[in-house]
Amino acid sequence: KTLEYLGLGDEYEVSSNPSLLNFTGLENLTEISGWLQIWNQNGLTGLQGLENVQSIGSLRLYSNHQLADLYGLNQLAVITGTFRVGYNAQLSGFQGLENLRHIEVNLELFGGGLYSDFSGFENLHTIEGSLEVSNYSPVVSMNGLGSLQRIGGDFELRLASSIENVDGLDSLREIGAWLRFS
């Protein structure tokens, strides 16, 4: 029997293993119902091996200094919790998330990276919680969020002084709570 599902309420952490370059060997995995935290993986350059994952509870990607892209999450359509990304110095964009349509809690972006917009999120329609961008100097535009129709919680740009305008949010119809630019 192949591994297709990592079960309810489970927490999976991948950290501090410089030999791990990708997730090859997990190609049959289609769902992670708990949270997956990948951090401090200094040898990790991509997420290959997770190509068939369609749903993840929460996904946290931070301090993976060689992670260049998110290819490998090609089939991910739903995150049932929070998607948190930060301090991935070589991350050049969000390519690989083109099938992501729905985040049930928050999308939180913080720290550094090499990209200037949200390319890769073109099919994201709904964030039920908040969209928070903080301390994220390389982001200069909201391009890539053109399909986003609803933010159920706060829309907050905090310490994001390089963002000149919010062009690129053409489909946004609803913000459920705070609109804050500081």
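## Strands, core and aromatic pairs of a predicted model

The protein has 14 strands and zero helices, where strands (E, at least two residues) and helices (H or I, at least four) are DSSP runs numbered from the N terminus. The structure is a predicted model, in which local features need pLDDT of at least 70 and side-chain atom pairs count only at pLDDT 80 or more, while totals for chains, interfaces and linings use all residues. Residues are numbered from 1 along each chain as its sequence is written, and side-chain values use heavy atoms, with hydrogens and water left out.

From the N terminus on, the order of elements is β-β-β-β-β-β-β-β-β-β-β-β-β-β. The C-alpha trace spans about 50 × 30 × 25 Å along its principal axes. The radius of gyration, taken over C-alpha atoms, is compared here with a globule rule of 2.2 Å times the number of residues to the power 0.38. For 182 residues, a compact globule would have a value near 16 Å, and the protein agrees, with 16 Å. The accessible surface, computed by the Shrake-Rupley method with a 1.4 Å probe and, for residues, with only the protein chains shown as cover, comes to about 8200 Å². Carbon and sulfur atoms account for 47% of this surface.

Buried residues make up 48% of the 182 residues; buried means under 20% relative accessible area, exposed over 50%, and partly exposed in between (1.4 Å probe, protein chains only). Contact means heavy atoms within 4.5 Å. Of the contacts between residues at least 6 apart in sequence, 55% join residues at least 24 apart.

The largest nonpolar core has 44 residues. Such a core is a set of buried Ala, Val, Leu, Ile, Met, Phe, Trp, Tyr and Cys residues joined through side-chain atoms within 4.5 Å. The members that touch the most other members are Leu47, Leu70, Phe83, Phe94, Phe121 and Leu131. At least two residues of this core come from each of strand S3 (31-39), strand S4 (55-62), S6, S8, strand S10 (131-134) and S12. With neighbours within four places in sequence left aside, Phe121 is in contact with Phe83, Phe94, Leu97, Leu100, Leu107, Gly144 and Leu145. Phe83, Phe94 and Phe121 also belong to one aromatic cluster, together with Tyr115 and Phe118.

A pair of aromatic rings is described by the distance of the centres and the angle of the planes. Rings of Phe, Tyr and Trp (its six-membered ring) pair if their centres lie within 6.5 Å; planes under 30 degrees apart count as stacked, over 60 as edge-to-face and the rest as tilted. By this rule there are eight aromatic pairs. In one of them, Phe94 and Phe118 have ring centres 6.3 Å apart and planes at 10°, so the pair is stacked. Phe94 lies in the loop between strand S6 (83-86) and strand S7 (102-103), and Phe118 in the loop between strand S8 (107-110) and strand S9 (126-127), so the pair ties together parts that are 24 residues apart in sequence. Phe94 counts as buried, at 0% relative accessibility, and Phe118 counts as buried at 0%.

Another pair is formed by Phe155 and Phe181, whose ring centres are 5.7 Å apart and whose planes stand at 90°, so the pair is edge-to-face. Phe155 in strand S12 (residues 155-158) and Phe181 in strand S14 (residues 179-181) are 26 residues apart, and the pair links distant parts of the chain. Phe155 is buried, with a relative accessible area of 2%, whereas Phe181 is partly exposed, with 47%.

Charged groups also sit over aromatic rings, a placement that requires NZ of Lys or CZ of Arg within 6 Å of the ring centre and within 35 degrees of the ring normal. The charged end of Arg60 sits over the ring of Trp35, 4.4 Å from its centre. For Arg180 over the ring of Trp178, the distance to the centre is 4.8 Å.

Several loop residues were also examined. Ser116, in the loop between S8 and S9, is partly exposed at 35% relative accessibility. Leaving aside neighbours within four places in sequence, Ser116 is in contact with Pro138, Val139, Val140 and Ser141. Gln48 lies in the loop between S3 and S4 and is partly exposed, with a relative accessible area of 30%. Not counting residues up to four places away in sequence, Gln48 touches Asn22, Phe23, Thr24, Tyr71 and Gly72. Tyr87, in the loop between S6 and S7, has a positive phi near 60° although this residue is not a glycine.
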